[in-house]
Amino acid sequence: MSRGKLLRLVGHKGGVWREPGDNPFVKVSFGINLAPGDPLLGREDTGRFSDLVKMAEDYGAEALGTYDSAFVGGDAFVRATVIALASSRARVGLRPTNPLTREPQIMASFLASLDSLTGGRAFMDIASGDSAVLNIGYKIASRGRIEDFVACVRNLLASGEATYQRRPQRVRWSATAIRDRIPISICAEGPMMLDLGGRIGDGVIAGTGLLPEIIRDTVSRIHAGARTAGRNPADVDIWFTTRTSLHEDRAKALANVKASVSSILNHSMRQGLDDKHVPNDLRAKIRQYVDGYVLYDHVVHEGRNPKRMDELGLTDYAIRRFALAGNVGDWIARIEELASAGASKLWVGPVGGRLDSQLHYMRILGEQIMSRFV
């Protein structure tokens, strides 16, 4: 950039200078999924992981989350604790956990501890279970089980006593908790879960897709669920989850996101395709893909699942529906499109793999993309 052009720039926000009238400001909220790069967070990596947390927060992330799957990586409670200690403003929590590998007493105790550690910034997202559940031989949780779990955790936080699956649950510490209600959001990818989220969730994390017609339908179903329960739809905090990849080379970005997209294509469709806006010419192929999904290759780069997705001709559709991937310009254009369609709160994932690479791309994400919207 020339010195003359620099002197003409006006309107600074978040570290990026803009010329007058260039890219009118659109407010978008960001949550950042964080992982240490390697499956197990080593002591020698905690410093750089903490730097990643601070960087995401400094660039304006409203929430910081980490996955709860012992199949994919190490313990989520350990990672969340490091995130809590490294952060000072953003909400911190699990996204998502499930009601099968965690007892509600354990989860309530963890949430209250995290809330105390952060001064009231804890949250929890809950789903039916995917790799953490299926790889220990369990079936995914029913909506009834999820609802029972959420009610139990809330009652333990509020009063110290509850029931779960007709079993008593008690804790002694509830009177000392920072908050007697910690936000719990329902992760939803189908119409019935969207309804459940609207009925009982402090928020909904929608994994239904990022196409304009899907965004509108998703919000409508959540609001309908809220009205059914006699709630104000505006009280439900709606976020959309994305499968993300950022790279200077668009082709590499798309290649890097395929494994992640292959997983959401499976678990968003495994309970059926009805009312999910699936094109008629792809329905049989998607059923075939879901029937042959390889659990052990879950989110494996160059694994069998993305290869089958390619073979069935589903990759372009899956990326278009679920991914936020490409170079900086691609990201900015897509985020503007999503915000215009009604998805102005976005969860984006770690970009770059190993920690050094994540720090590099987090800086690009913060300085060149997030700064235009937060």
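Select V261: it is buried, with a relative accessible area of 0%. Buried means under 20% relative accessible area, exposed means over 50%, and partly exposed lies in between (1.4 Å probe, protein chains only). The model on your screen is predicted, so local features need pLDDT of at least 70 and side-chain atom pairs pLDDT 80 or more, while totals for chains, interfaces and linings use all residues. Residues are numbered from 1 along each chain as its sequence is written, and side-chain values use heavy atoms, without hydrogens and water.

**Stop 1: around V261**

Stay on V261, which sits in helix 9. Helices here are DSSP runs of H or I with at least four residues; strands are runs of E with at least two; both are numbered from the N terminus. Now show the residues that V261 touches: R243, M309, A318, I319 and A323, leaving out those up to four places away in sequence. A contact means heavy atoms within 4.5 Å.

**Stop 2**

Is V278 buried or exposed? V278 has 8% relative accessibility, so it counts as buried. Beyond four places in sequence, its contacts are M269, L273, R283, I286, Y317 and R321.

Next, pick R283, one of the contacts of V278. R283 belongs to helix 10, residues 283-291. Its relative accessible area is 18%, so R283 is buried as well. With neighbours within four places left aside, R283 contacts L273, D274 and V278.

**Stop 3: the cysteines**

C152 is buried, at 0% relative accessible area. C187 counts as buried too, at 16%.

**Stop 4: backbone features**

Go to R95 and P96. A cis peptide bond joins them, with omega about -10°. P96 lies in strand 5, residues 91-97.

Move on to the loop between strand 7 (161-164) and strand 8 (167-170), where Q165 is found. Phi of Q165 is near 50°, a positive value in a residue other than glycine. R166 is in the loop between these strands. Its phi is also positive, near 65°. Color both by accessibility. Q165 is partly exposed at 35%, whereas R166 is exposed at 86%.

**Last stop: the whole chain**

Zoom out. The chain has 14 helices and 14 strands. Its C-alpha atoms fill a box of roughly 70 × 50 × 45 Å along the principal axes. Of the 374 residues, 54% are buried. Among contacts with a separation of 6 or more, 72% join residues 24 or more positions apart.
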